[in-house]
Amino acid sequence: MNELLINFEDNKTNNDQKTIGIFVETLLREELLYKFLEGRNGMWKVIKDFGKENYISWKPQKEGNYIIMVQGKKVNGSKPFDYLEREEYSYKKDLDICKNIEVDEYIEENSNIEIGVDLYNEKGVKQREELHINTIANNSKEILNQNIEKSKIKYILTSPNENHVVDEEIMFALVIENAQNTLIKYKLYINNIFIEEKAYDSIKSFIFRPRIIGEYRIEFYSKHRDSEKEFDSKKDYKFEVKETSDITDITVNCNKNKIVCNKDVTFNINVQGGKSVIYEFYLLKDQEWKMVQGYGAKSFYTFTPFKEGIYDLLVLAKSAKKDIDYEKFTICKFEVEKQIDNIN
């Protein structure tokens, strides 16, 4: 079921310029906020950020095939968006047909002047237009761009931790050629869905804090500050964000060098990774496992052995939010010796 329906209509402004009306319909009975984006040649641009209006007036800059994306978000929702819909749109400008050109005066080479011409549109209506003509080479912009030193992203430096989790900061820094004259922007995708785009600026390092779990992709773009190109270079960085980091190691430390009968002994547990870790303890004696402390936040186990011999202590650990039996375990073997009374 499509929760959102995108419709288009052609409009004319007061200056007789063509704009496209985009409006969204929904059968949902809840109030939504809407975000409008345009996609063309693999590039995405925000037309209008989240707001209550379900209608916008859009003016494409170039002819071609576009994809219009609308994201719907619940007013009090915590997700980046709750609903999404895409529609293709092919845009062509209304072209005037030139029937006759009357030049007011002779144009000298390398001049920059204004001339008057008669244009007839497709309905045969004569329109007098004043055109500014610069007879210097038409490809001056292309020549200028060719002479500008390109900005290339060499490396993306980031936090050494590979286990990224929700609400944990991730540092990014870009190593760039010609960095002093370089502008940077990025686009964020989560689970291959476009989320947001940050406009070009001179900042080349920043801290990112993921809010939800998923597969993330950040596309970094660089260009010279004087360039009119869309970008000079592009580099992607992909990473996964989990609810909690994995437990990578678990160790057991005993508070006594020698364990004897009828004396308390404590085993302390340390883990690497995880979040809000909980622990469960089992003892093996005479080939029988017995749970001595169920899952809880207490990271130690204390008991008093009454019988000498070899024991095994099994420790299970997991993050509290993980619905699994255990995430990591270790077994600690220890010996209990018979207590020897001192004889005066």
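Predicted model: local features only at pLDDT ≥ 70, side-chain atom pairs only at ≥ 80, totals over all residues.
Local features need pLDDT of at least 70 and side-chain atom pairs count only at pLDDT 80 or more, whereas totals for chains, interfaces and linings use all residues. Residues are numbered from 1 along each chain as its sequence is written, and side-chain values use heavy atoms, with hydrogens and water left out.

The protein contains 1 helix and 25 strands (DSSP runs numbered from the N terminus, helices being H or I of at least four residues and strands E of at least two). Of its 344 residues, 35% count as buried (under 20% relative accessible area, with exposed over 50% and partly exposed in between; 1.4 Å probe, protein chains only). Contacts are heavy atoms within 4.5 Å; among those between residues at least 6 apart in sequence, 54% join residues at least 24 apart.

Four strands form an open sheet in the order β4-β3-β6-β7, with antiparallel pairing (two strands pair if DSSP finds at least two bridges between them). Its edge strands, each pairing on one side only, are β4 (43-51) and β7 (83-91). Strand β6 (residues 64-74) pairs with β7 over 9 bridges in the antiparallel sense, and N65 stands opposite S90 in β7.

Lysine K185 belongs to strand β13 (residues 182-190). K185 is buried, with a relative accessible area of 5%. Its side chain joins that of E197 in a polar contact of 2.9 Å (a pair of N or O atoms within 3.5 Å; within protein, one must be able to donate a hydrogen and the other to accept it, and residues adjacent in sequence count only if both atoms are side-chain atoms). Not counting residues up to four places away in sequence, K185 touches residues including M43, Y200, F220 and E230.
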